[in-house]
Amino acid sequence: MTRITARNMGLAGLGLALLAGCEALPASAPADQAVPMAFQQCLTRIDETAARIGQDPAVLAETSDSRIVRFRDEGEIVTVTCDAIGSRMVVQTRPAPPPVAEPMPAPAFDPAPAFEPDPAPAF
């Protein structure tokens, strides 16, 4: 059996499998998944996943009954919502936007005219 790692599976598959506590999902699995889960257990899953993949998630929102975090890798963004009121964890996977090309530097401004007029003809 092949060990599942972030390198060979991608963050989305790894995140879904680890966060939901289930086997790795096939590539055709839906990108959103809701799993019944106690709030504290959901928070623990986020911490465990962060430790396993070596990445602290970005905290998007946090209240006493909700936490939304985002994990990101080169090709995917995984957003995890822990909901204490609904006693569930929601995992959303989206493709990461393509990298933004760096803008071309503006040409240097040359205050001199592009051409110099010929001197007045001598007669």
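In this predicted model, D32 and R94 pair up in a salt bridge, with their closest N and O atoms 2.7 Å apart. D32 sits in strand β1 (residues 32-36) and R94 in strand β5 (residues 88-95), so this pair ties together parts that are 62 residues apart in sequence. How exposed are the two partners? D32 is partly exposed, at 36% relative accessibility, and R94 is partly exposed too, with a relative accessible area of 40%.

What's going on in a pairing like this? Side chains of opposite charge can pair when their charged atoms come close. Here, "close" has a cut-off: a side-chain nitrogen of Lys or Arg has to be within 4 Å of a carboxyl oxygen of Asp or Glu. How many salt bridges does that rule give? The count comes to three. Here they are side by side:

| Salt bridge | N to O distance |
|---|---|
| D32 and R94 | 2.7 Å |
| R67 and E62 | 2.5 Å |
| R88 and D83 | 3.8 Å |

Is R67 buried or exposed? R67 counts as buried, because its relative accessibility is 17% and the cut-off for buried is under 20%.

R88 is partly exposed, with a relative accessible area of 38%.

Definitions and conventions. Residues numbered from 1 in each chain as written. Predicted model: local features only at pLDDT ≥ 70, side-chain atom pairs only at ≥ 80, totals over all residues. Heavy atoms only, no water. Helix = DSSP H or I, 4+ residues; strand = E, 2+ residues; numbered from the N terminus. Buried < 20%, exposed > 50% of the residue type's maximum accessible area, 1.4 Å probe, protein only.
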